[in-house]
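Visitor: I would like to learn how to read a few features of a structure. Please show it and take them one at a time.

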Amino acid sequence: MNFDVRQIITVTMVLFAVIDIVGSIPIIVDLRKKHGRIESEKASLVAAFIMIVFLFVGEELLNLIGIDVNSFAVAGAFVLFFLALEMILGIRIYKDEESGSASIVPLAFPLIAGAGTMTTLLSLRAQFHTVNIIIAIVINIVLVYFVLRVSGRIEKLLGKNGLGVIRKAFGVVLLAIAVKLFASNVKALFA
């Protein structure tokens, strides 16, 4: 069955760093303020579904519609870039017509299961056994669910000023990730 604890730990750590759910707490708090509520279960399950489906059919799906992985990653970099600008500048770029819930967009996709995660999954698939990647995805989704559930408590603990500082700091980090994702993939578009 190719079950390997080392592979699971490695893939879990890589996905945890890419998903960066702890660093997304300011975004989650901000989304809760804009939309009133976040359904943790729904966001976690949809993100898990997207990641597992993309693990199996991602590359084929992108090829079918004529999009290469690099183009997908560059598009994801733009989404992350605009989310980062919202955090840093305190402006609102993403506008949702219906302000019921942000559980699916932009939380499950592209924040949790975004282009960075998708691109990472495709590269992990080439190096690790699928069963170990799936277990790592499940572990990360459990962590995501936990953070989504306690984000309100974290907000109360840090207060408005603390969250503002963290939001701007993580906005800069998210901006740097967007630039890196863009730079590492845009060259391949013109090669």
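Visitor: How many aromatic pairs does a search of the whole structure find?

Guide: Rings of Phe, Tyr and Trp (its six-membered ring) pair if their centres lie within 6.5 Å; planes under 30 degrees apart are stacked, over 60 edge-to-face, and the rest tilted. The search of the whole structure gives 2 such pairs. In one of them, Phe78 and Phe182, the ring centres are 5.6 Å apart and the planes meet at 65°, so the pair is edge-to-face. Phe78 belongs to helix 4 and Phe182 to helix 7, so parts 104 residues apart in sequence are tied together. Phe81 and Phe82 also form an edge-to-face pair, at 5.4 Å centre to centre and 75° between the planes.

Guide: This is a predicted model, in which local features need pLDDT of at least 70 and side-chain atom pairs pLDDT 80 or more, while totals for chains, interfaces and linings use all residues. Residues are numbered from 1 along each chain as its sequence is written, and side-chain values use heavy atoms, leaving out hydrogens and water.

Visitor: Are Phe78 and Phe182 buried, exposed or partly exposed?

Guide: Buried means under 20% relative accessible area, exposed over 50%, and partly exposed in between (1.4 Å probe, protein chains only). Phe78 is partly exposed at 43%, and Phe182 is partly exposed at 31%. In the other pair, Phe81 is partly exposed at 31%, as is Phe82 at 38%.

Visitor: What span should helix 4 have?

Guide: Helices (H or I, at least four residues) are DSSP runs numbered from the N terminus. The expected span is 1.5 Å times one less than the number of residues. The 21 residues of helix 4 should span 30 Å, and its end C-alpha atoms are 30 Å apart, which agrees.

Visitor: What caps the N-terminal end of helix 4?

Guide: A polar contact is a pair of N or O atoms within 3.5 Å; within protein, one must be able to donate a hydrogen and the other to accept it, and residues adjacent in sequence count only if both atoms are side-chain atoms. Asp68 is the cap, with a side-chain oxygen 3.1 Å from the backbone nitrogen of Asn70. After helix 4 comes Gly90, with a positive phi near 70°.

Visitor: What do the buried residues of helix 4 pack against?

Guide: Contact means heavy atoms within 4.5 Å. The buried residues of helix 4, including Phe72, Leu80 and Glu86, pack against helix 2 (25-35), helix 3, helix 5, helix 6 and helix 7.

Notes: Helices (H or I, at least four residues) and strands (E, at least two) are DSSP runs, numbered from the N terminus.
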